[in-house]
Amino acid sequence: MEMLSKEERMKWFHEARFGIYIHYGLYSILGRGEWTMYSERIPAAEYAKLADSFLPAPGCADEWMETAKAAGAKYVVLTTRHHEGFCLFDSKYSDYTSVKHGCHRDIVREYVDAARRAGLRVGFYYSLLDWRFPGYFEPEKYPESKEALLQQAHNQVRELMTNYGKIDLLEYDGGWDARCATKRPQWAEFWRSAELNAMVRELQPGIIINDRSGTEEDIETPEQVVRAGKQAPTESCMCIGDSCCWGYTRFNPNWKTPVQLVQYLVMAAQCGGNYLLNIGPQADGHIRNEEIERLKEMGAWLAINREAISNSRGCALIGASHPGTVDLNLQGPWTNVGNNAYWCIFRWPGKVATAIRIDTPVKRVTMLATGEEYPFTWSPKDGKLVITGLPELPPDWKCTVLKVEFDQAPQCRNEADLADWING
Ligand code: FHN
């Protein structure tokens, strides 16, 4: 099959910028988070009894897609199998699946079909590690179990890449060793990741693969933080509630606000990367209101401001460096798409907004939400941009975007003499 270049494969990813992660499995029944089996050391046979109570409501996958669409997301990623080992898909290599227990349905099939109907790109999460295998925890002591675990991973990834049509994204997880004593090249050796990923690319030539099997591949996937990629574009993934609560966690008081969520999305775009925001459906597959409400607010913001993030690149202007870096643009970051820069204002300055060290002549300033044009001055002498006539109060508390047009991608002015500005 014809291999696509990385640029071709990544095209939709950069357009999308926003995806929804879905953590769903037996842990959703317990309601204490997806690590419960291990953190409470529940023996495998006892934990497995949950499988017969796994009863997702019919049509829940359509509900997930409806929510993802309302959020303005362009792709979804489902945990086809998390560390607990329970598969949401039919597998010749395991009886521990949603097809052979509980609902007797292939939830991955329903998910893929629903995503395609909704026009969303399809991502699969797959955990390499499986807590039911002693050979994962003590590979030298249980070499046969280790080998069985590896065979399971390679065989199941092949099934996932073969049985569900075109898959856009493969997110490995659980590549680390149980003692967290080894580095990524050793993970890759343990899981035979080069061979695994060669097989994936052969079966799915257009796929994007993350870096968590230990090999570099296409994207980096930091967790609970937004940052720029070190070697590759990032997809920053995050929980809406606490960071240990990817799977449904019944009592989860620290919900991020819609303002925070929109701003994280903008910061991801500022880094030329994506934001993958997680939901943890309840045992019956329904999504809780706390998540739906927040996602709808994000969708409302995106319906107006998507232009500022879709296909964004890191911008050279002040305030566009790295999230969290204080570089003296106190209002908020810039994104860059082509010849336009988008000033994504988190802290509204009032009627006048001032940006400094802009080396490229400014052509026009508008508010993205309304298209209204604002007067400005730009000084070729010092590169200062002063925008006037703005509303006194923040038009959008989450983030108001000012679109600034140039004849070329804007550049930042160097300050050869740092004291020059003092005397005007
Ligand atoms: O252990 C998992 C965790 O449960 C969750 O799935 C996240 C999502 O990226 N990944 C792992 C921790 O890195």
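Biologist: Where is T388 found?
Modeller: T388 is in the loop between β13 (385–387) and β14 (400–406). Keep in mind that this is a predicted model.

Biologist: Is T388 buried, partly exposed or exposed?
Modeller: T388 counts as partly exposed, since its relative accessibility is 31%.

Biologist: How far apart are T388 and S53 in space?
Modeller: From C-alpha to C-alpha, T388 and S53 are 61 Å apart. In sequence, 335 residues separate T388 and S53.

Biologist: What about T234, buried or exposed?
Modeller: T234 is buried, at a relative accessible area of 1%. T234 sits in the loop between β5 (208–209) and β6 (235–239). The C-alpha atoms of T234 and N210 are 9.2 Å apart, and the two residues are 24 apart in sequence.

Biologist: Change of topic. How many residues are in the largest nonpolar core?
Modeller: The largest nonpolar core has 89 residues. The members that touch the most others are F18, I20, W64, Y111, F124 and Y275. Another core lies apart from that one and has 21 residues, including A355, M367, Y374 and F406.

Biologist: How many aromatic pairs are there in the whole structure?
Modeller: The search finds 21 aromatic pairs. One of them is W12 with F13, whose ring centres are 6.0 Å apart.

Biologist: Why is the pair of W12 and F13 called edge-to-face?
Modeller: The planes of the W12 and F13 rings are at 80 degrees, so the pair is edge-to-face. That label needs an angle over 60 degrees.

Biologist: Are W12 and F13 buried or exposed?
Modeller: W12 is buried, with a relative accessible area of 9%. F13 is buried as well, at 0% relative accessibility.

Biologist: Then W35 and W176, are they stacked or edge-to-face?
Modeller: The pair of W35 and W176 is stacked, because the ring planes are at 10 degrees, with the centres 6.4 Å apart. A stacked pair needs planes under 30 degrees apart.

Biologist: Where do W35 and W176 lie?
Modeller: W35 is in the loop between α2 (27–30) and α3 (36–39), and W176 is in the loop between β4 (169–173) and α9 (184–191). The pair therefore ties together parts that are 141 residues apart in sequence. W35 is partly exposed, with a relative accessible area of 33%. W176 also counts as partly exposed, at 23%.

Biologist: Which residues do ring pairs link into a cluster?
Modeller: The cluster joins W35, Y38, W131, Y136, F137 and W176.

Biologist: What lies over the face of Y38?
Modeller: R41 does, at 4.1 Å from the ring centre of Y38.

Biologist: Last topic, the ligand. Which residues come nearest?
Modeller: There are 13 residues around the ligand, and H23, E34, H83, D173 and E223 come nearest.

Biologist: How far is a polar side-chain atom of H23 from an oxygen atom of the ligand?
Modeller: That distance is 2.7 Å for H23. For E34, an N or O atom of the side chain is 2.5 Å from a ligand oxygen. For R212, the corresponding distance to an oxygen atom of the ligand is 3.0 Å.

Biologist: How much of the ligand's accessible area does the protein cover?
Modeller: The protein covers 90% of the 330 Å² of accessible area that the ligand has on its own.

Note on methods:
Residues are numbered from 1 along each chain as its sequence is written. This is a predicted model: local features need pLDDT of at least 70, side-chain atom pairs count only at pLDDT 80 or more; totals for chains, interfaces and linings use all residues. Side-chain values use heavy atoms; hydrogens and water are left out. A nonpolar core is a set of buried Ala, Val, Leu, Ile, Met, Phe, Trp, Tyr and Cys residues joined through side-chain atoms within 4.5 Å. Buried means under 20% relative accessible area, exposed over 50%, partly exposed in between (1.4 Å probe, protein chains only). Rings of Phe, Tyr and Trp (its six-membered ring) pair if their centres lie within 6.5 Å; planes under 30 degrees apart count as stacked, over 60 as edge-to-face and the rest as tilted. Helices (H or I, at least four residues) and strands (E, at least two) are DSSP runs, numbered from the N terminus. A charge sits over a ring if NZ of Lys or CZ of Arg is within 6 Å of the ring centre and within 35 degrees of the ring normal. A residue is near a molecule or strand if one of its heavy atoms lies within 4 Å of it. A polar contact is a pair of N or O atoms within 3.5 Å; within protein, one must be able to donate a hydrogen and the other to accept it, and residues adjacent in sequence count only if both atoms are side-chain atoms. Accessible areas come from the Shrake-Rupley method with a 1.4 Å probe; for residues, only the protein chains shown count as cover.
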